Structure formats: structure tokens, C-alpha cells
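Let us take a friendly walk through a protein model, one region at a time. Keep the 3D view open and follow along as each part is named.

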Amino acid sequence: AGPTRTLSNGAEIPLLGLGVWQVRDGRECEQAVTWALEKGYRLIDTAQAYRNETSVGRAIASSGIPREEIFLTTKFYPGGKDARVEAEKSLARLGTEYLDLYLIHWPQGGPTWAWPGMEAAVEAGLTKAIGISNFSASELQELSKVSQIQPAVNQIQFSPFEYRRGLVDACEDANVLAQAYSPLGTGRHLGDPVVARIASATDRTPAQVLIRWALQKRLSVIPKSTHHDRIDQNFDVLDFELDDESMAALDALDTTNQTADALSRNQKWWS
Ligand code: A2P
């Protein structure tokens, strides 16, 4: 299943997983998750907003892999009223008894209002860990001040181009695991010449270089693909290492000016 890290609730999370944002419900999603589990992925990341939880659940059930060996994440859609009630609906769609991780998908309406419902979901045994997504460092700080249960994860778009170093540091300081979605920039970063040069020097693909960069930053990372060969390829990143020079060249691609709150200025797509 690859490398793991221990979350603040004591659970182990695989660092490398499959994200299913923009994967169509039905055969496309079921196949992608099935292929990923066959390959060895043990972290699957979905969301209420993706509308494919049913297919994720079907693929997990038919894999024959014991539920406790899979780390399953879904996300509360902030349009919903009560995060605990919505967690129950997600569980019904996923056909499972519990989530490993339940995230607030984005901080619509402010960073704190949904949190009591998230905590209630933990207390009701619906999820083992709770966390956040698309929160800036200051939103994380605001939430930490009022939370009984601290967020275990903050899932954000991270890549060498969206490094958000200050936010990564703020997460580390708060014992919050930073998790990278769209590590390939939804595919946009695969043609970058620096990435291509490092890929050819290491005899890997650009996707593998970008995923490996995130792992070496000790981020959890969830590349998305619906192609069998790419799902396999994206997992074959555990048997090589980027050297310091390559890491530095990738770090230099950062366009986020490295401050913790760059995110909150350039990524308010939900408001
Ligand atoms: P597809 O799903 O058709 O394979 P991100 O994880 O940053 O959101 O990037 C996902 C995008 O990158 C999707 O368009 C996906 O296409 C594509 N992609 C994922 N893995 C690879 C890969 N190994 N090589 C090329 N493109 C990839």
C-alpha cells in the first residue's frame, strides 16, 4: 500500500491514493477504483459533490479487500445543512459503516460553522477522523481556536507550481496533514519543460515526477485518472528518488509567492 503517516487521531493514512474528482458515476468510476485497488492503492478520495460515492462503494465491496484495509475519504458539501446528517447519507451511498476521513469540502460560509456537525459525526461513530479542504492558514487558525476535535487533514491543490510553502508549514505546525489534490495541475503541468527534463533524466514520466515531488515533501497525494495504465503508472513512484537538485528545480516552479495566505487570495472559487 506504500508509505503512510499517522494522523492526529492515531490512524495511519496511506500517503498515495486515488482521487475521483470529475470521474463519472457508473462504469467509469467503478473501473477506476477497481483498477486502483488491484494495483495496491489503499486510499480512495471521493466527495458528496462528485456524485460518484455509489460507484466507489460498489468497487470497494466487489474488490473483496477487507474494509479496514482501505482508507476511505468523502467530503461534506457545504450547501448541506448538517454535516452529521449528510455523513449518514454518504455512508448509505458508499455502502459502508464508517468513513476513515470526512472533510469540509471548502470553507463556504466561514471556516467554523460546519465543524460542530463534523465533530458530531465522529461522536456518532460515522467517521474516524475529520478535516478540512481548501482552507487557508488563517482559516485553519480560526477553526483551531473553537474546535474540540482538531482537524486531521487539510486537502489543498499542491504541486511545484502551487507549492504554498507557508500553508504546508502552517499545517505541519498545527499537526494537520497537508494532502495534495490535482498534483498534476489537472494535467496542465505535465508538459512543463523542467518537469520533462527531470522525467527524462530519471527515466520516469512527468506524472511520476510530480507525484514523487509531493511524496518527498511528506504530503499525502491523490492523483486522478480513469485510464488503467495511468492508474498503474501513478502508483509506480515508490522505487525511485528525486535528488536534491531535482527537488530544488521543481520547488523553483512555485507561483504562489510562498506565503500562507496566497491561497485565500487566489483560490476563492467557491464564493
Ligand atoms: P485521465 O483521467 O484521462 O487519465 P490531477 O490529478 O492533477 O487532477 O490530474 C488529472 C488529469 O491528468 C486528468 O486529466 C488525467 O487524465 C490526467 N492524468 C492522470 N495521470 C496521468 C498520467 N500518468 N499521464 C498523463 N496524464 C495523466
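## Around the ligand

Of the 18 residues around the ligand, the ones that come nearest are S182, L184, G187, A207 and S225. Remember as you look that this is a predicted model. Which helix gives the most to the shell around the ligand? That is helix α9 (residues 228–235), with 3 residues. Sorted by class, the shell has 11 polar, 5 nonpolar and 2 charged residues.

## A residue from the record

Now find H105, which UniProt lists under "binding site" in an unreviewed entry. H105 sits in the loop between β6 (99–104) and α4 (115–123). Is H105 buried or exposed? The cut-off for buried is 20 or more other C-beta atoms within 10 Å. H105 has 22 C-beta neighbours inside 10 Å, so it counts as buried.

Leaving aside neighbours within four places in sequence, H105 is in contact with A47, A49, K75, F76, Y77, P78 and S133. Keep S133 in mind, as we will come back to that residue.

## Strand β5 and its partners

One of its partners is strand β4 (residues 43–45), which runs parallel to β5 and is joined to it by 3 bridges. Within this pair, I44 stands opposite L72 in β5. Together with helix α2 (residues 53–63), β4 and β5 make a right-handed β-α-β unit.

Strand β5 also pairs with β6 in the parallel sense, over 4 bridges. Here T74 has Y102 in β6 as its bridge partner.

## Strand β8 and its partners

Turn next to strand β8 (residues 153–157). Of its 5 residues, 4 are buried, so β8 is largely enclosed by the rest of the structure. Strand β7 (residues 127–133) pairs with β8 in the parallel sense over 2 bridges. This is where S133 returns: it stands opposite Q155 in β8. To get from β7 to β8, the chain passes through helix α5 (residues 137–146), and this β-α-β crossover is right-handed.

Strand β9 (residues 177–181) is a parallel partner of β8 too, with 5 bridges between them. In this pair V153 stands opposite L177 in β9. The chain crosses from β8 to β9 through helix α6 (residues 165–173), again in a right-handed β-α-β crossover.

| Strand pair | Bridges | Facing residues |
|---|---|---|
| β4 and β5 | 3 bridges | I44 and L72 |
| β5 and β6 | 4 bridges | T74 and Y102 |
| β7 and β8 | 2 bridges | S133 and Q155 |
| β8 and β9 | 5 bridges | V153 and L177 |

## Two backbone angles to look up

Most residues other than glycine have a negative phi. Q22 has a positive phi of about 65° although it is not a glycine. You will find Q22 in the loop between β3 (18–19) and α1 (27–39). Q22 counts as exposed because it has 11 C-beta neighbours inside 10 Å.

What is the phi of N175? The value is near 60°, which is positive in a residue other than glycine. N175 belongs to the loop between α6 and β9. With 12 other C-beta atoms within 10 Å, N175 is exposed.

Definitions and conventions:
Residues are numbered from 1 along each chain as its sequence is written. This is a predicted model: local features need pLDDT of at least 70, side-chain atom pairs count only at pLDDT 80 or more; totals for chains, interfaces and linings use all residues. A residue is near a molecule or strand if its C-beta atom, placed from the backbone, lies within 6 Å of it. Ala, Val, Leu, Ile, Met, Phe, Trp, Tyr, Cys and Pro count as nonpolar, Asp, Glu, Lys and Arg as charged, and the others, Gly among them, as polar. UniProt positions are given in the numbering used here, feature names are shortened, and annotations may be inferred rather than shown by experiment. Two residues are in contact if their C-beta atoms, placed from the backbone, lie within 7 Å. Two strands pair if DSSP finds at least two bridges between them. A crossover is right-handed if, with the strands pointing away from the viewer, the path from the first strand over the helix to the second runs clockwise.
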